[in-house]
Amino acid sequence: MSSTDYTSLKMALQIKLQDLEDRAERIENRLSDPGSPDWEENAALHSNDEVLNALSDLTHHDIQEIRLAISRIDEGSYGTCAQCGSKIGQPRLKLLPFTSTCVSCA
Ligand SMILES: [Zn+2]
């Protein structure tokens, strides 16, 4: 096991997680908005639902990824490929901090 210190990365991930959770909440509030009584305005409002739903899915996906990354840091498996167990290269981790697989398993 290397002595790589992921404390600052974990802090950064927690900040990002908070940010995404706030965003998910805002999207959900927007989606559950009953809308305006004005029909035309209502139609315009709900034409965005598809986009908001997609954005919501994406946000929840990111939240999951970050939670997993944080738990991997906690249990010391962060930076190790979940598939083959080899080390994930630093350049890849820099690019994709939430990844759980190495380049060859991705
Ligand atoms: Zn691998």
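1. The protein has four helices and zero strands. Along the sequence, these elements follow the pattern α-α-α-α. The radius of gyration is 19 Å, well over the 13 Å that the globule rule gives for 106 residues, so the protein is more spread out than a compact globule. This is a predicted model, and the points below should be read accordingly.

2. On confidence, the mean pLDDT of the protein is 88, and 92% of the residues reach 70 or more. Confidence is highest in helix 1, at a mean of 94, and lowest in helix 2 (residues 39-46), where the mean is 69.

3. On overall dimensions, the C-alpha atoms fill a box of roughly 60 × 25 × 20 Å along the principal axes. Buried residues account for 9% of the 106 residues in the protein.

4. The packing of helix 1 (residues 7-31) and helix 3 (residues 49-75) deserves a separate comment. Their axes come within 9 Å and cross at roughly 155°. Because angles over 145 degrees count as roughly antiparallel, helix 1 is roughly antiparallel to helix 3. The crossing of these two helices is left-handed. By class, the contact of helix 1 with helix 3 has 14 nonpolar, four polar and nine charged residues.

5. G35 is found in the loop between helix 1 and helix 2. G35 and H46 are 11 residues apart along the chain, and their C-alpha atoms are separated by 7.9 Å.

6. L58 has its place in helix 3. This residue has 14 C-beta neighbours inside 10 Å and therefore counts as partly exposed.

7. Is D62 buried or partly exposed? D62 is partly exposed, because it has 17 other C-beta atoms within 10 Å, whereas a buried residue has 20 or more. D62 and L96 are 34 residues apart in sequence, and the distance between them in space is 12 Å, C-alpha to C-alpha.

8. E65 is likewise placed in helix 3. With 18 C-beta neighbours inside 10 Å, E65 counts as partly exposed. What separates the C-alpha atoms of E65 and S100? The separation is 9.0 Å, for two residues that stand 35 residues apart along the chain.

9. In summary, the predicted model shows a protein with four helices and zero strands that is more spread out than a compact globule. Helix 1 is roughly antiparallel to helix 3, and their contact includes 14 nonpolar and nine charged residues.

Definitions and conventions
Residues numbered from 1 in each chain as written. Predicted model: local features only at pLDDT ≥ 70, side-chain atom pairs only at ≥ 80, totals over all residues. Axes fitted to C-alpha atoms, helices over the stretch in contact; angles between N-to-C directions. Parallel < 35°, antiparallel > 145°, perpendicular 65-115°, else oblique. Left-handed = near helix turned anticlockwise from the far one by under 90°. Nonpolar A, V, L, I, M, F, W, Y, C, P; charged D, E, K, R; others polar. pLDDT = per-residue confidence, 0-100. Rg over C-alpha atoms; globule rule 2.2 N^0.38 Å. Buried ≥ 20, exposed ≤ 12 C-beta atoms within 10 Å, placed from the backbone.
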